[in-house]
Amino acid sequence: MLLAMLPFCLCFSAADSVKAAESGKKSNVARKFSAPDKPVYATGRSLRNHMDNKPPQGPVGMARAVETALANNPSLGAQEAQSKSSVDARKSSRGAFGPKLGMTYSAVKQERKSSPATSRPPELGTYSWGVEISQPVFQGFRLLANYQKASLQEDSDRASLKNAELAMTGDVQTGFLDYLRARENARSEADSLARLRDQLKITRAFYDVGLRPKLDVLQAEVDVSQAESVLVQVENNRDTALARLNTLLGLPATANVEYVGALEHVPFSLSLEQCLKIAYEQRPDLYIAAKAVEIARKDQKLAQSDYYPQIEAYYNINQRGNTPDLQRMGNNGSHQATWEVGAMATWNVFQWGVTYYDDKRAGWLVTRMRQEEENLRLNVGYEIKSRLLAVREAEKRINFASKGVTQAREAYDAALARYQEQVGTNFDVLDASANLTRAQAELTGARADYLTALAQIYVAMGEFHPDLLKP
């Protein structure tokens with residue numbers, strides 16, 4: 001009885017060591033990272049036909065657009081499925097610690113002729129039924145390493161889902177800002193076209209009374225035609241940006257959604273050191289890289305398990321008979337029952353260096369993962385620095401562009417007034433109108449670039465910030 005209980009005690013003690021080792025690893029990682037492996041959207045995504053998704057009701061701001069994309073985008077659904085599969089993979093590897101129950105049943109019909117006849121096989125055949133319970137006692141730490149590896153992979157896949165959600169947040173915010181930029185450019189070009197049409201009417205009126213030459217009218221008409229062509233282009237860009245944004249939200253490209261928002265300036269006061277500190281603590285890809293190193297170490301443990309013997313305990317029962325129900329019947333009938341309990345150890349003592357070099361190979365992979373982790377940390381520092389410089393650059397451009405719009409509008413008003421008083425030329429008005437349109441486009445671009453850089457630096461820091469218009 002004690003011999004039968006020993007494997008189970010060893011198994012449960014090994015399982016306890018798994019929990020202890022796993023909790024120790026998680027506590028070490030927790031000192032370096034602030035739980036970046038927790039997904040943002042945790043209610044689950046279901047498989048469905050996204051072409052049938054209904055557009056959100058009412059106006060959709062940036063935060064609501066991000067929320068809709070996190071819930072509906074099928075690429076995140078695929079990543080979530082991968083994360084859930086790793087959960088079941090961990091549970092599967094945990095089940096390897098427990099006993100295994102096997103059952104066999106066979107039926108054999110045999111005819112044998114001999115002279116002289118001595119013994120004959122049973123007329124109905126031979127039937128056997130067996131049950132075996134086996135319990136791994138020691139597998140060279142293979143089971144333990146497999147379980148720890150699956151647990152690490154689960155954490156890594158969960159962090160990958162968080163990383164994909166952050167990337168999707170940045171993509172949606174960039175798409176949202178591109179749409180606002182295109183919409184503002186279309187409005188600016190429409191205003192420019194309205195100004196040019198008004199100027200054409202004034203020029204024609206002056207020409208009709210003989211105060212302006214035909215050349216002014218022709219030039220005004222050319223500028224109107226060019227402005228109409230440009231307006232068609234910017235409106236197409238606006239509609240394309242709208243279709244792209246709908247697609248990111250998991251909606252049909254033709255969905256009619258009312259996106260609301262403005263390219264407002266929101267201050268960003270974090271220093272480079274603060275941004276780097278947040279990034280090193282929260283970026284999911286750094287967490288994934290750390291997990292990759294641990295997974296590589298577990299792979300090395302698996303390779304090293306062949307150095308040790310494999311021990312397994314077993315208990316089986318076998319019954320044989322000449323009928324399907326294993327009961328004795330007839331003159332040549334028989335019934336036999338046996339049971340057996342024992343342990344078996346196997347050990348590959350020498351394999352021509354197979355295990356040794358496999359261990360060395362796994363060790364070099366650990367070194368590779370560590371080098372890649374360090375390289376990622378270096379790239380994170382560069383990315384944060386470049387994103388912060390982009391934010392500062394766009395912020396300065398906003399100030400310059402705002403002054404440029406004010407000056408361009410004053411210049412246009414002055415040129416128009418001079419033209420109406422017959423002391424200025426039509427070319428001065430048209431040139432001032434073009435400068436005003438260009439200045440407005442530069443201001444719109446600077447504001448959009450600033451908010452885009454803001455979205456990118458939040459993603460680079462691993463910070464979930466769905467609404468950029470809130471500090």
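How many of the eleven residues of H2 are buried? Eight are, and H2 is mostly covered. Buried here means under 20% relative accessible area, exposed over 50%, and partly exposed in between (1.4 Å probe, protein chains only).

The structure is a predicted model, in which local features need pLDDT of at least 70 and side-chain atom pairs count only at pLDDT 80 or more, while totals for chains, interfaces and linings use all residues. Residues are numbered from 1 along each chain as its sequence is written, and side-chain values use heavy atoms, with hydrogens and water left out.

**Overall layout**

The chain holds nine helices and four strands. Helices (H or I, at least four residues) and strands (E, at least two) are DSSP runs, numbered from the N terminus. Along the sequence the pattern reads α-α-α-β-β-α-α-α-α-β-β-α-α. Of the 471 residues, 39% count as buried. Contact means heavy atoms within 4.5 Å. Among the contacts with a separation of 6 or more, 84% come from residues 24 or more positions apart. The accessible surface of the chain is about 26300 Å², and carbon and sulfur atoms account for 55% of that surface. Accessible areas come from the Shrake-Rupley method with a 1.4 Å probe; for residues, only the protein chains shown count as cover.

**Helix H2 and the cores**

The buried residues of H2 are Met62, Ala65, Val66, Thr68, Ala69, Leu70, Ala71 and Asn72. Their cover includes helix H3 (74-95), H4 and H5.

A nonpolar core is a set of buried Ala, Val, Leu, Ile, Met, Phe, Trp, Tyr and Cys residues joined through side-chain atoms within 4.5 Å. The largest such core has 57 residues, and Val172, Leu249, Tyr259, Phe268, Tyr450 and Leu454 touch the most other members. At least two residues of this core come from each of helix H2 (62-72), helix H4 (142-208), helix H5 (214-248), helix H6 (272-282), H8 and H9. H9 gives the most, with 15 residues. Apart from this core lies another, of eleven residues, including Ala186, Leu193, Leu196 and Leu200. In soluble globular proteins, nonpolar side chains tend to be buried together.

Tyrosine 259, one of the residues of the largest core that touch the most other members, is in contact with Val60, Phe176, Tyr179, Arg183, Leu242, Leu245, Asn246, Leu249 and Leu251, leaving aside neighbours within four places in sequence.

**A buried charge**

Aspartate 223 is found in helix H5. Aspartate 223 is buried yet has no salt bridge, and the nearest side chain of opposite charge, arginine 438, is 11 Å away. A salt bridge is a side-chain nitrogen of Lys or Arg within 4 Å of a carboxyl oxygen of Asp or Glu. For charge, Lys and Arg count as positive and Asp and Glu as negative; His and the chain ends are not counted. Not counting residues up to four places away in sequence, aspartate 223 touches Leu196 and Leu430.

Leu101, Ile133, Tyr315, Ile317, Trp339 and Val341 make a nonpolar surface patch of about 570 Å². Strand E3 (310-321) and strand E4 (335-346) are the elements that give two or more residues to this patch. Patches are made of residues with over 30% relative accessible area and no salt bridge: like charges are joined within 9 Å, nonpolar side chains (Val, Leu, Ile, Met, Phe, Trp, Tyr) within 5 Å. Tryptophan 339 lies in strand E4 and counts as exposed because its relative accessibility is 60%.

Glutamate 340 also has its place in strand E4 and is partly exposed, at 38% relative accessible area. Beyond four places in sequence, glutamate 340 is in contact with Tyr314, Tyr315 and Asn316. Methionine 103 lies in strand E1 (residues 100-108) and counts as exposed at 58% relative accessibility. Not counting residues up to four places away in sequence, methionine 103 touches Trp129, Gly130 and Val131. The table lists one C-alpha pair for each of these two residues.

| Pair | Separation in sequence | C-alpha to C-alpha distance |
|---|---|---|
| Glutamate 340 and tyrosine 314 | 26 residues | 8.1 Å |
| Methionine 103 and valine 131 | 28 residues | 4.5 Å |

**Positive phi in loops**

Tryptophan 352, in the loop between E4 and helix H8 (354-420), has phi near 60 degrees, a positive value in a residue other than glycine. Tryptophan 352 is exposed, with a relative accessible area of 75%. Glutamine 422, in the loop between H8 and helix H9 (426-460), has a positive phi near 65 degrees. Glutamine 422 is partly exposed, at 34% relative accessible area.
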